[in-house]
Amino acid sequence: MKAAVFHGYGSSPTRIKWLVKAFKEVADEVIVPTLPSVLAKAWEATKELEADVYGGHSMGGALALLHSASKGRPAVAVAPPTNLRKQLAHLKEKFPKIYEDITSQVDEEVMIELSPINMEFKAPILVIHGTEDKVVPLEQSLEFCEKVKECHLVVVDGMGHKPVTEAEKELVRRHVVEFLRSLS
């Protein structure tokens, strides 16, 4: 199994080792590219990247979902912004510098068109989201998994935007590994 795993906005491959580690337990090959910081540009940079399964954190999770929808492949998304209209409004209110950075690089409507919630999915999806996420509200994952038939949602009580404690990292690892093994 070949996997592609994507980092989020302002992040890097080394900052998602906790997710890459889980993929490496099951996949034969794991690609972890360095991405542009805006989803629309990350999509343009990776849309030809072929893998059997895609994964990512935050913006990288949304990118994994875009690959899933366009290629009919499974995906794992941790804290993904799935409704970019709502996400941009949230960023504008709570994180205005991030909002300004994103919208200075890409038109808002271009971003909104890339909202995973508006796409069709034909493969299983695993979404993991913390109840204390201040960056991407949990409601986006709840709404997404209500709409997508084969979406498996794991809500981690007390977790923020990413797993920080060893217990959170282990819980995420276990769910990702179980999901990936179920694909073979």
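Select Lys86 and Glu139: their side chains meet in a salt bridge, 3.7 Å from N to O. The term stands for a side-chain nitrogen of Lys or Arg within 4 Å of a carboxyl oxygen of Asp or Glu. Lys86 belongs to helix H4 (residues 84-94) and Glu139 to helix H7, so the bridge ties together parts that are 53 residues apart in sequence. Helices (H or I, at least four residues) and strands (E, at least two) are DSSP runs, numbered from the N terminus. Lys86 is partly exposed, with a relative accessible area of 35%, and Glu139 is partly exposed as well, at 42%. Here buried means under 20% relative accessible area, exposed means over 50%, and partly exposed lies in between (1.4 Å probe, protein chains only).

The model is predicted: local features need pLDDT of at least 70, side-chain atom pairs count only at pLDDT 80 or more, and totals for chains, interfaces and linings use all residues. Residues are numbered from 1 along each chain as its sequence is written, and side-chain values use heavy atoms, with hydrogens and water left out.

Next, select Glu93 and Lys94. They form a salt bridge whose closest N and O atoms are 3.7 Å apart, and both Glu93 and Lys94 are exposed. Another stop is Glu44 with Lys47, a salt bridge of 3.2 Å from N to O; Lys47 is partly exposed, at 31% relative accessible area. How many salt bridges does a search of the whole structure find? The search finds nine.

Return to helix H7 and pick Ser141. Ser141 counts as buried, with 0% relative accessibility. Show Val127 too: the C-alpha atoms of Ser141 and Val127 are 7.0 Å apart, while the residues are 14 apart along the chain.

Now turn to the aromatic rings. A pair of aromatic rings is described by the distance of the centres and the angle of the planes. Rings of Phe, Tyr and Trp (its six-membered ring) pair if their centres lie within 6.5 Å; planes under 30 degrees apart count as stacked, over 60 as edge-to-face and the rest as tilted. The structure holds two aromatic pairs. Select Phe6 and Tyr54: the ring centres are 6.3 Å apart and the planes are at 15 degrees, so this pair is stacked. Phe6 is in strand E1 (residues 2-6) and Tyr54 in strand E3 (residues 53-57), so the pair ties together parts that are 48 residues apart in sequence. Both residues, Phe6 and Tyr54, are buried.

Phe121 and Phe144 are also an aromatic pair, edge-to-face, with 5.3 Å between centres and 85 degrees between planes. Phe121 sits in the loop between H6 and strand E5 (125-130) and Phe144 in helix H7 (residues 138-147), so the pair ties together parts that are 23 residues apart in sequence. Phe121 is buried at 15% relative accessibility, and Phe144 is buried at 0%.

Last, select Asp107, Glu108, Glu109 and Glu113, which form a negative surface patch. Patches are made of residues with over 30% relative accessible area and no salt bridge, with like charges joined within 9 Å and nonpolar side chains (Val, Leu, Ile, Met, Phe, Trp, Tyr) within 5 Å. Lys and Arg count as positive and Asp and Glu as negative; His and the chain ends are not counted.

Terms used. Areas by Shrake-Rupley, 256 points an atom, 1.4 Å probe, with all protein chains shown as cover. Charge placed at Lys NZ, Arg CZ, Asp CG, Glu CD.
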